[in-house]
Amino acid sequence: MSWGPSWFYYRCPDCGKKFRSETGLMAELGEKFDRCPACGARGEYETDGPIRPGAEEYEETEP
């Protein structure tokens with residue numbers, strides 16, 4: 001049984017954007033994994049785990 005993907009949730013310290021990255025994309029995204037999709041700054045880790053209430057506030061990063 002699958003519980004779905006697991007996510008890392010971040011907030012950008014430079015522009016304030018909230019974003020999330022699926023753990024399964026870690027290898028594909030490489031160094032861009034924890035980077036803000038808007039400005040490229042390293043995101044500040046907030047939490048990780050499955051999709052959660054409020055997840056729609058976080059932009060999903062893509063390869």
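Biologist: Why is Asp 34 called buried?

Modeller: Asp 34 has a relative accessible area of 16%, and buried means under 20%, exposed over 50%, and partly exposed in between (1.4 Å probe, protein chains only). Asp 34 is therefore buried. The model is predicted, so local features need pLDDT of at least 70 and side-chain atom pairs count only at pLDDT 80 or more, while totals for chains, interfaces and linings use all residues. Residues are numbered from 1 along each chain as its sequence is written, and side-chain values use heavy atoms, leaving out hydrogens and water.

Biologist: Where does Asp 34 lie, and which residues does Asp 34 touch?

Modeller: Asp 34 is in the loop between α1 (26-29) and β3 (44-49); helices (H or I, at least four residues) and strands (E, at least two) are DSSP runs, numbered from the N terminus. Not counting residues up to four places away in sequence, Asp 34 touches Tyr 10, Phe 19, Ala 41, Arg 42 and Gly 43, where contact means heavy atoms within 4.5 Å.

Biologist: What makes the pair of Arg 42 and Asp 34 a salt bridge?

Modeller: The rule asks for a side-chain nitrogen of Lys or Arg within 4 Å of a carboxyl oxygen of Asp or Glu. The side chains of Arg 42 and Asp 34 meet at 3.4 Å, N to O, and by this rule the count comes to five salt bridges. Arg 42 itself is partly exposed, because its relative accessibility is 46%.

Biologist: Which parts of the chain does the salt bridge of Glu 59 and Lys 17 link?

Modeller: In this salt bridge the side chains of Glu 59 and Lys 17 meet at 2.8 Å, N to O. The pair links distant parts of the chain: Glu 59 is in strand β4 (residues 59-60), Lys 17 is in the loop between β1 (7-11) and β2 (18-22), and they are 42 residues apart. Glu 59 is called partly exposed because its relative accessible area is 35%, and Lys 17 is called partly exposed because its value is 26%.

Biologist: How do you know that Cys 36 is in no disulfide?

Modeller: A disulfide is a covalent bond between the sulfur atoms of two cysteines. Here it is assigned to a pair of cysteine sulfur atoms within 2.5 Å, and the structure holds zero disulfides. For Cys 36, the nearest cysteine sulfur, that of Cys 15, is 3.6 Å away. Likewise, Cys 39 is in no disulfide, and the nearest cysteine sulfur, that of Cys 12, is 3.5 Å away.

Biologist: Is Cys 36 buried or exposed?

Modeller: Cys 36 counts as buried because its relative accessibility is 4%, whereas Cys 39, at 41%, counts as partly exposed.

Biologist: What makes the pair of Asp 48 and Tyr 45 a polar contact?

Modeller: Their side chains come to 2.2 Å. A polar contact is a pair of N or O atoms within 3.5 Å; within protein, one must be able to donate a hydrogen and the other to accept it, and residues adjacent in sequence count only if both atoms are side-chain atoms. Asp 48 is found in strand β3 and is partly exposed, with a relative accessible area of 40%. Leaving aside neighbours within four places in sequence, Asp 48 is in contact with Trp 7, Phe 8 and Tyr 9.

Biologist: How confident is the predictor in the chain?

Modeller: By pLDDT, the predictor's confidence in each residue from 0 to 100, the chain averages 92, and 97% of the residues score at least 70. Confidence is lowest in α1, at a mean of 92, and highest in β1, at 97.
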